Amino acid sequence: MRWILVLMGIVGIVLQLPTSAPAADAPLVPHRIGNRTYQLFVPPGGGPRPLVIAFHGGGGNGTQVAKSAGLIDKAAKEGFILALPEGSSRFGKLETWNAGGCCAYAIREKIDDIGFIRSMIDELDRTQPVDPKRVYVVGMSNGGMMAERVAIELGDRIAGAAVFVGALFGNEPHAVAAVPMLIVNADKDEQVPVAGGTSTTGIVRRSQGMPYKPSRYAATYWAAANRCTKGPVRSETSDFARELWTGCAAGADVDFYIMKGAEHGWPGRGLGRPGVTRNTGKIDGTALMWDFFAAHRR
């Protein structure tokens, strides 16, 4: 019974579970590469399309993040292909990503998630009408950490990345290319504290392989990697503080937000454990993500 309660705790802490159904449940088609799987939504229409690869949070899955963040509806409206890779787990559920310093099974087993995502992009290039100059990655929490790792190691194939309540660890290699970066953290986040260090939630803390760097570290890492020459330009509202670096190589600007009064979760989606509403700020993360991606290409 105790291990069941622990697993339930992981789901409640790390995931965003939908409190209501999305406006439209489009079909997600499963695909397999070796022993790994991903789901795919291809909206109707012709011609080369953008590809958005979305990474679920630790303990989650592709269907969950697509629905809770409204990604299927957004893909249908904007005409982008949506790929939802699945992490790995000992139990076949509660999947995680090997993001270099987190999380759980994937990091302990040294799962080759970069190789998986590289192979998935190759396959989608061959089989779908993907515009190779418009391939993007987004993720939340452990999924945000994975999106950032993909941007670092596969940046020559990525046109932009959005990282929600994620972090770096200080062990990252030099980025292989300049990548436009949207980074959003939350000032009341207990799972991935803005100040860095370890989670104050025991289950999440035990899933870490090493301490998080402060949230702003990721922004300055990318400003240096992208050779930005202007900024940061700071602005502030009642809802967020923002820093923007521009004049970067290949137009790869860095846009960094700290949401005020916000907790851990996909920005603007007040979803936590069943029956619990979480304050995830007043930024619509899905809209902000797509506006950022639409403005950038390789």
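**Close-up views of a predicted model**

**View 1. The loop residue S141 in the predicted model.** S141 belongs to the loop that runs between strand 5 and helix 6. The model shown here and in the views that follow is predicted. The phi angle of S141 is near 60°, a positive value in a residue other than glycine. S141 counts as buried because its relative accessibility is 5%, and the cut-off for a buried residue is under 20%.

**View 2. The loop residue R227.** R227 is located in the loop between helix 8 and strand 8. Its phi angle is also positive, near 55°, in a residue other than glycine. With a relative accessibility of 56%, R227 counts as exposed, whereas S141 counts as buried.

View 3. R149 is part of helix 6, which spans residues 142–153. R149 has a relative accessible area of 19% and is therefore buried, given that the cut-off is under 20%. When neighbours within four places in sequence are left aside, the residues in contact with R149 are N98, A99, G100 and I114.

**View 4. The cis peptide bond between C102 and C103.** C102 and C103 are joined by a cis peptide bond, for which omega is about 25°. C103 lies in the loop between strand 4 (81–85) and helix 4 (104–108).

**View 5. The cis peptide bond between G231 and P232.** G231 and P232 are likewise joined by a cis peptide bond, with omega about 10°. P232 is situated in strand 8.

View 6. The protein contains nine helices and ten strands.

**View 7. The pairing of strand 9 with strand 10.** Strand 9 (residues 240–246) and strand 10 (residues 254–259) run antiparallel and are joined by six bridges. L244 has D255, in strand 10, as its bridge partner.

**View 8. Helix 9 against the sheet.** Helix 9 is mostly covered, with seven of its ten residues buried. These buried residues are G285, T286, L288, M289, W290, F292 and F293. Their packing partners are strand 3, helix 3, strand 5, strand 6, strand 7 and strand 10.

**View 9. The crossing of helix 3 and helix 9.** The axes of helix 3 (residues 71–78) and helix 9 (residues 285–294) come within 11 Å and cross at roughly 35°. The crossing of helix 3 with helix 9 is right-handed. Helix 3 contributes L71, K74 and E78 to the contact, and helix 9 contributes T286, A287, M289 and W290. By class, the residues of this contact comprise four nonpolar, one polar and two charged. Of the residues that helix 9 contributes, T286, M289 and W290 are among its buried residues.

**View 10. The aromatic pair of F169 and Y212.** Seven aromatic pairs are found in a search of the whole structure. One of them is formed by F169 and Y212, a tilted pair with 5.7 Å centre to centre and 40° between the planes. The pair links distant parts of the chain, 43 residues apart. F169 is in the loop between strand 6 and strand 7, and Y212 is in the loop between helix 7 (202–207) and helix 8 (215–225). F169 and Y212 are both buried.

**View 11. The aromatic pair of F240 and Y257.** F240 and Y257 form an edge-to-face pair, with 5.1 Å centre to centre and 65° between the planes. F240 lies in strand 9 and Y257 in strand 10, so the pair ties together parts that are 17 residues apart in sequence. Both residues, F240 and Y257, are buried.

View 12. Of the 298 residues in the protein, 56% are buried. Among contacts with a separation of 6 or more, 63% are between residues 24 or more positions apart.

Definitions and conventions. Residues are numbered from 1 along each chain as its sequence is written. This is a predicted model: local features need pLDDT of at least 70, side-chain atom pairs count only at pLDDT 80 or more; totals for chains, interfaces and linings use all residues. Side-chain values use heavy atoms; hydrogens and water are left out. Axes are lines fitted to C-alpha atoms, for helices over the stretch in contact, and angles run from 0 to 180 degrees between N-to-C directions. Helices (H or I, at least four residues) and strands (E, at least two) are DSSP runs, numbered from the N terminus. A crossing is left-handed if the near helix is turned anticlockwise from the far one by less than a right angle, and right-handed if clockwise. Contact means heavy atoms within 4.5 Å. Ala, Val, Leu, Ile, Met, Phe, Trp, Tyr, Cys and Pro count as nonpolar, Asp, Glu, Lys and Arg as charged, and the others, Gly among them, as polar. Two strands pair if DSSP finds at least two bridges between them. Rings of Phe, Tyr and Trp (its six-membered ring) pair if their centres lie within 6.5 Å; planes under 30 degrees apart count as stacked, over 60 as edge-to-face and the rest as tilted. Buried means under 20% relative accessible area, exposed over 50%, partly exposed in between (1.4 Å probe, protein chains only).
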